[in-house]
Amino acid sequence: MHQWTRREDARLLTGNGRYVADIDAPGCLDAVFVRSKIGHGRLRTVDCATAREVEGVVGAWSAADLSDMPSCARVAASLQDLPPVPHTVLAKLSSDEAVVGREWPALVKERVRYAGEAVAVVVGEDRYRAEDGAAEVTFEIDPLPAVVTPSAAASDETLLFDGLSNVALRGGTGTPIEDAVWQEAAAVVEGRFRQNLLMPTPMECRTVLAVPEKDRLTIWSGHQMPHRLRREMAVLLGWSQDQIRVVVPDTGGAFGGKSASFPEFVVVAFLAVKLKRPVRWIEDRLESMMVATRGRGQDQRARLAADADGRLLAYELHIDADVGAYPHLGVGLPMQTAWMSTGAYRTPRVHSTVRSILTNTMITYPYRGAGRPEAVAAIERCMDMLARKLRIDPAELRRRNFIPPEAFPYTTPSGRTYDSGEYARALDLALETVDYDAWRAEQVRRRRDPMAKPLGIGLSCYVERSGGEPGGLHEFGSIEVGADGFVTVRCGAASSGQSHETVFPALVAKTLGMDEQRVRLIEGDTDEQSEGLGSFASRTAQVAGAMLQHASQVVIAEARQRAATLWDVPPEEVEWSDGTVHAAHDGSAAMDIGELVKATGPLRVEDRFETGMAFPFGSHVAVVEVDQELGTVELLKVVTVDDCGVVLNPDIVRAQAFGSAIQGIGQALYEAIPYDDNGTPMLANGLLDYLLPTYTEVPPIVVKDTCTPSPSSPLGAKGAGESGCIGLPAAIVNAVVDALRPADPDLLQMPLTPDVIWRAAQAPKQEEDR
């Protein structure tokens, strides 16, 4: 029999997974949304009458037909009175002022602000009939000028909300830097960088199924934060949280894009209650490409100064962030870039400014890395520019400026306190693995051969934050031991592909000294686990894992206490090993945990555990070959060295690093969302228009790691899932710049499409070689 690497594998790889679309809810109706094709305009009329006459259509409504339906604004307003929980609509990183007057409606009432915004919903006996009905809905929109870039929107010539600036939030970190610093520095480099708008593109798009049951509502959704979804749906419906149950079944990826209460979810839940029948919405791929959340989307101006020896003196970063049409969580997300702006380097003077700017696009939201890839891209591009200007090898320049191990914990001028790091060790391992000197020698040889294709080597050293922000660095869970000796673990997280089902039982089993086959995990069900935060920000191993380890230790302490009472001996004379308790001085007094439960009653431990922030880091190297005539980039080799502290499961962490590296390649070379003048994304042909790296584009990727335990968590673990998205794009761009050596490196902006490469190849070259 095949031995599956993960517990999930047997179910998922044989087609026996159970996703929301697989759930059979008797009498279920399908919802289809009628969407605007233009990005900005005033909604004049919506006519659903003909749609209601289509056979199999149960109902069709516009916002005017559902005047009693709450909007996302009601969620935002009501949550102000709840305890602060990260990723709520008014999250720590957001601002009340940014949201007030700019609320996101469930269905458009008066004004369309992004292409794909829903103007009506049709519900049918099945998806086919609902689609037929949706085709009969007519509506009229008076177009308004659309602004789809931060630079176009920042002028406020076209306002998305009357009387309110498109600049929804201003912020910053550090202190303004005196002109004398720049004037007296031996070298100053400046750059403008565009962080392209991306789509998370999980295998499974967004899903929701709402099933009414008397005075309760069960919501099934492939969601990262089931307890948040329960809380917000309760607010929407005006119900208590006890009346809402959220269940997360198997989920085909998320990457940050499945952690909100979206307008479609509001409509589905409301209609399920109204119609007293199950209603579901299964987003299809084309729909997802139009209205799923976006990631990245920043215009940056950066400036970096150093002395003659290459020691950094000052760094300045100005960020104009595209946050989409409504200031949801994305409005504060660019602050992550500002906070992490200094990367792995000691820089005495740092100043970052942030403007979160509304545009006529779908909202920007956390996407794998969430603000940290943008920070790394800016500082790492500048480091290579500085190395070239000073004629210092880029690896050596980085070594001279790393924060040394003895400096930790280290507080950056941008306000982050890094927990631990050995940055030079990760870089040295990456250079050794890629055979850096040999590639440099080959590069010199090719530069002397006019017929050879240019070769480039790019480096990127990154630091990221994992676990979440203060106030959200905790998780809830429980461990229950049955009379049969089996252990049930419950956790407030929810897996969307991170292998919780394998890792968490193994962690509990190791702590208890038991066979992991005796341990099972239940998560993603708010009836099973009453409180929880969820899976985001690379937090589950670091935070949820620490919680489960602590709960296991409490189970051991409780078992020892029960055995001491049962045997009438002091607790300190009872020992625990391999799932049994035994008296230290009496070999006959020994009992398996199951027998102890039979003798003393149910054993269940509820736990809430909090850790600190952690800061994973690493070094990535990319070697590229560029065809200047075709404008193509071939990745000859990629090496990633990541340090996520103590690794719980090496195979799974390696797979996470590999997968995120492929997404990093996608950002660097392929992915972007183009818009026309009306604010419509030009993606009519689906994934033929939005390119993702496929098997044929995946280069040789060598994944290695170092281990610097985090003092912020008893496990010593740091987040592991976002490394490639954070570190690799900058390495690839640096490699292409190194190959082509354009006089103006700003010509090479992601994605490095053939057109971008060809134009840079034709541009003037730098006069001086390194």
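Axes are lines fitted to C-alpha atoms, for helices over the stretch in contact, with angles from 0 to 180 degrees between N-to-C directions. The model is predicted, so local features need pLDDT of at least 70 and side-chain atom pairs pLDDT 80 or more, while totals for chains, interfaces and linings use all residues. Residues are numbered from 1 along each chain as its sequence is written, and side-chain values use heavy atoms, without hydrogens and water.

**View 1. Packing of helices H13 and H14.** The axes of H13 (residues 394–401) and H14 (residues 423–434) come within 10 Å and cross at roughly 165 degrees; helices are DSSP runs of H or I, at least four residues, and strands runs of E, at least two, numbered from the N terminus. The two helices are therefore roughly antiparallel (angles over 145 degrees). Ala395, Arg398 and Arg399 of H13 meet Leu427, Asp428 and Leu431 of H14, contact meaning heavy atoms within 4.5 Å.

**View 2. The aromatic pair Tyr114 and Tyr326.** The two rings are edge-to-face, at 6.2 Å centre to centre and 85 degrees between the planes (centres within 6.5 Å; planes under 30 degrees apart stacked, over 60 edge-to-face, the rest tilted). Tyr114, in the loop between strands S4 and S5, and Tyr326, in the loop between strand S14 and helix H11, are 212 residues apart. Tyr114 is buried at 3% relative accessibility (buried is under 20% relative accessible area, exposed over 50%, partly exposed in between; 1.4 Å probe, protein chains only). Tyr326 is likewise buried, at 1%.

**View 3. The aromatic pair Tyr418 and Phe615.** This pair is tilted, with 5.0 Å between centres and 40 degrees between planes. Both Tyr418 and Phe615 are buried.

Note on methods
Parallel < 35°, antiparallel > 145°, perpendicular 65-115°, else oblique. Phe/Tyr/Trp six-rings, centres within 6.5 Å; stacked < 30°, edge-to-face > 60°.
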